[in-house]
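Biologist: I would like to learn how to read a structure. Could we take one example and go through it feature by feature?

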Amino acid sequence: MHTVSNPFQACNDIFFKPNGVFKAVGENNNWSWMPFFMVMGVTLVLQYLYVNFVDIEWFANLNIAAQGDMSPAEEDQMRAFFTRTSLMWSQLIGAFFVLTIVNAIYALYLNLATRSDDSHVFGFTDWYGFSWWVAMPYVVTGLIGVALLLFASDHQISPATLAPTSLSFMLSIPMDSQWYAFAQAIRLELFWGIYLAMVGIAQWTSFSRQKAAIVAAAPYLVIYSIWLIAILAF
């Protein structure tokens, strides 16, 4: 098996030789700080650049239109929130806590889902570190988003640009569509991350590849199925 000797090498090899990376991460403490800083850093930089670049008035009107019927007073109240400073703080703080909480929930799920493994040796904190390695594809797509913002000339740029491999970006789905949020969540890095999770689970447990794939994909299948049914029903 491919040998990974340090966390810097691991951050590169996670995209090409993930088996060796997960083996090394399982044997070494504190390596997971590297993907944490990389994923969080790219995410926050992308949010910062977008808020500083986008036409705030246009962005406010876009969000108000997406809310459907609102009274003039409600529109004015919502528009008052959309200053560049308030939007900046809400986007940065929101992104930070969403990432940390979602990864914690996924780590808890993995910890519980692998309890049946006879060789179970990894606890919640191990799986939490694991979740940041699984999230590394977001660094690649985040950098694509940064490039799109840096080379954009029109300040009325859709927030779908923050997820350049999503269906909402590729199909130019408007924000006021009921499919926008769902399509924004269907993105290349989602499937890439599920694949990495499958590889890592198979490496850290005695599960077969098939069972590891089921464990890795199950929460997404459940969540997205419920989400899809809700859209079709309402």
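Modeller: We can begin with one residue and its contacts. This is a predicted model, and in it N103 touches Y128, S131 and W132, leaving aside residues up to four places away in sequence.

Biologist: Where is N103 placed?

Modeller: N103 is in helix α6, which covers residues 84–113.

Biologist: Is N103 buried or exposed?

Modeller: The cut-off for buried is under 20% relative accessible area. N103 has 9%, so N103 is buried.

Biologist: What is the secondary structure of the chain?

Modeller: The chain comes to 12 helices and 0 strands. Of its 234 residues, 44% count as buried. The C-alpha atoms fill a box of roughly 60 × 40 × 30 Å along the principal axes. For contacts between residues at least 6 apart in sequence, 66% join residues at least 24 apart.

Biologist: How do I read a pocket?

Modeller: The general idea is that rolling a probe the size of a water molecule over the atoms shows where empty space is left. In this structure, the largest pocket has a volume of about 1,400 Å³. Its lining has 43 residues, and V98, L99, V102, Y138 and R187 lie nearest its centre.

Biologist: Which helix supplies the largest share of the lining of the largest pocket?

Modeller: That is α6, with 11 residues. Several other helices each supply at least two residues, including α3 (33–53), α4 (56–66) and α12 (209–233).

Biologist: How do the residues of that lining divide by class?

Modeller: The lining of the largest pocket has 28 nonpolar, 13 polar and 2 charged residues.

Biologist: What is the volume of the second largest pocket?

Modeller: About 360 Å³. The second largest pocket is lined by 17 residues, with N30, S32, T125, D126 and G129 nearest its centre. Two or more residues of this lining come from each of α2 (18–27), α3 and α7. The most come from α7, which gives 6. By class, the lining has 9 nonpolar, 7 polar and 1 charged residues.

Biologist: How many aromatic pairs does the structure hold?

Modeller: It holds 24. To read a pair, look at the distance between the ring centres and the angle between the planes. The rings of F59 and F82 have centres 5.7 Å apart and planes at 75°, so this pair is edge-to-face. F59 lies in helix α4 and F82 in the loop between α5 (72–81) and α6, so the pair ties together parts that are 23 residues apart in sequence. Both F59 and F82 are buried.

Biologist: Are the rings of Y106 and Y109 stacked or edge-to-face?

Modeller: Their planes are at 25° and their centres 6.1 Å apart, so the pair is stacked. Y106 and Y109 both lie in helix α6, 3 residues apart, which is about one turn of the helix. With 9% relative accessibility, Y106 counts as buried, whereas Y109, with 26%, counts as partly exposed.

Biologist: Which residues do ring pairs link into a cluster?

Modeller: The cluster is made of W33, F36, F37, F124, Y128 and W132.

Biologist: What lies over the face of F207?

Modeller: K211 does, at 4.2 Å from the ring centre.

Notes:
Residues are numbered from 1 along each chain as its sequence is written. This is a predicted model: local features need pLDDT of at least 70, side-chain atom pairs count only at pLDDT 80 or more; totals for chains, interfaces and linings use all residues. Side-chain values use heavy atoms; hydrogens and water are left out. Helices (H or I, at least four residues) and strands (E, at least two) are DSSP runs, numbered from the N terminus. Buried means under 20% relative accessible area, exposed over 50%, partly exposed in between (1.4 Å probe, protein chains only). Contact means heavy atoms within 4.5 Å. On a 1 Å grid over the protein atoms alone, a cavity is a set of points where a 1.4 Å probe fits but cannot get out, and a pocket is an open set with protein on both sides within 12 Å along at least five of seven lines; lining residues have an atom within 4 Å of a point. Grid points are joined across faces, edges and corners, and a volume is the space filled by probe spheres set on the points. Ala, Val, Leu, Ile, Met, Phe, Trp, Tyr, Cys and Pro count as nonpolar, Asp, Glu, Lys and Arg as charged, and the others, Gly among them, as polar. Rings of Phe, Tyr and Trp (its six-membered ring) pair if their centres lie within 6.5 Å; planes under 30 degrees apart count as stacked, over 60 as edge-to-face and the rest as tilted. A charge sits over a ring if NZ of Lys or CZ of Arg is within 6 Å of the ring centre and within 35 degrees of the ring normal.
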